[in-house]
Number of protein chains: 2
Amino acid sequence: MATLPRPIDFYFDFSSPYSYIASEWIDALAARHGRTVNWKAILLGATFQAAELKSPVSYPIKREYSLHDFERSARFAGVPIRNPEKFPIPTQNAARVFWWLADQDRERATQWARHCLRAYFARGVDLSDVAQLRALADDFGIGADTAEAVWNDPVWKARLKAENEAAIAAGVFGAPFFVVDGEPFWGNDRRPQIERWLEKGPF
Amino acid sequence: MATLPRPIDFYFDFSSPYSYIASEWIDALAARHGRTVNWKAILLGATFQAAELKSPVSYPIKREYSLHDFERSARFAGVPIRNPEKFPIPTQNAARVFWWLADQDRERATQWARHCLRAYFARGVDLSDVAQLRALADDFGIGADTAEAVWNDPVWKARLKAENEAAIAAGVFGAPFFVVDGEPFWGNDRRPQIERWLEKGPF
């Protein structure tokens, strides 16, 4: 009897440009190979701390290259982007709403993630600003007050913390990070390798 | 009157696995687009210091992933590799011989780079060991004594230092690092973007 192919784990941070780019291709790529995608919002701050890493834009010389590469890599992937003025930003509120939605309906949580990532990276909406995130929740149809209650709720704070810890335990040290059949792939630029794996299996 | 297409600058370090992988495809890719490649040996230690960076294998969690990814990325590119037991290693001696050769014959210097990269990454020859590097110089036909005299010569020590400084001034913070028509690309995984650039120009 055939077993169902395992879903792809896709770890992302709402403030990660390479996560945003990957979020625009991962579902279609998975679908072409009969796979689904298990989106997982994390905080890069937590994984960076565990792995003693920092954002690429926090280093001299590498910073300028990285800002240029964010936009060029998006153009290469055909994804609209404009580097946000405020970057990086804390994104725990958007991430807590994600996990609250995921417990009810994973597909709806994925839609929320896309809604927020596009708002931040294509239109400059600041996800760390309460008023702007409330407006996004209203647009999305969950209501600003409901969303704000979720991100202030200790239950969803604890949930996000647990998800970060689970990610670190799974070997995640950056984003986007993919796990396919137990195999880890880090970065938007691992797309060709993921594609090969899905087409032909382990290499 | 048509102008000749500009050569591609290819910065590499003899102890960088991603540089080794890139060294196996860059010349053929360039040739398909009527370009030549200007190989430039540098020391990652110098560029890391300027950009306040460290090797990916010096971080917890990321280390294990990176060692796995070196070998997987090589297999993906069809390049034979075996992670060397001693890694990373200091490679200033091999790099000084490179620049000494480059002043006489760039193509011969490129061959020396390939000779050393393959020895280290495919056969485990330790380039930081004087006896092993002397043997490589003999195999290559420049003579062990000549090679050793070069790497101990203040002239070639100064030359490598100047090349590192020029690389840093050009924005190089890691390896492999490519500059195509003034456009910087960092990493073996920028191959598809370099290919697009060569095919269709700026994007």
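The exercises below use a predicted model.

**Exercise 1. Work out how chain B is related to chain A.**

Step 1: Superpose chain B on chain A; that takes a rotation of 180° with 0.0 Å of shift along its axis, and the RMSD is 0.0 Å.
Step 2: Look for the C-alpha of chain B nearest the axis, and you land on Asp189(B), 3.1 Å from it.
Step 3: Now check the interface. Of the interface residues of chain B, 100% are also interface residues in chain A, so the copies meet through the same surface.

**Exercise 2. Find where Ser16(A) sits, and decide whether Ser16(A) is buried or exposed.**

Step 1: Start with the record: the unreviewed UniProt entry has an "active site" annotation covering Ser16(A).
Step 2: Trace chain A to the loop between β1 (8-12) and α1 (17-23), and there's Ser16(A).
Step 3: The relative accessible area of Ser16(A) is 4%. Buried means under 20%, so Ser16(A) counts as buried.
Step 4: Leaving out residues up to four places away in sequence, Ser16(A) touches Leu44(A), Phe121(A), Ala175(A) and Pro176(A).

**Exercise 3. Sort the residues of strand β4 of chain A by face, then look at its pairing with β3.**

Step 1: Recall that side chains in a regular strand alternate between the two faces of the sheet.
Step 2: In β4(A), residues 183-186, Glu183(A) and Phe185(A) make up the covered face, while Pro184(A) and Trp186(A) are on the uncovered one.
Step 3: β3 (residues 177-180) of chain A runs antiparallel to β4(A), joined by four bridges.

Conventions. Residues numbered from 1 in each chain as written. Chains lettered and ligands numbered in written order. Predicted model: local features only at pLDDT ≥ 70, side-chain atom pairs only at ≥ 80, totals over all residues. Heavy atoms only, no water. Least-squares fit on C-alpha atoms with pLDDT ≥ 70 in both. Contact = heavy atoms within 4.5 Å. UniProt positions renumbered as here; feature names shortened; annotations may be inferred. Helix = DSSP H or I, 4+ residues; strand = E, 2+ residues; numbered from the N terminus. Buried < 20%, exposed > 50% of the residue type's maximum accessible area, 1.4 Å probe, protein only. Pairing = 2+ DSSP bridges.
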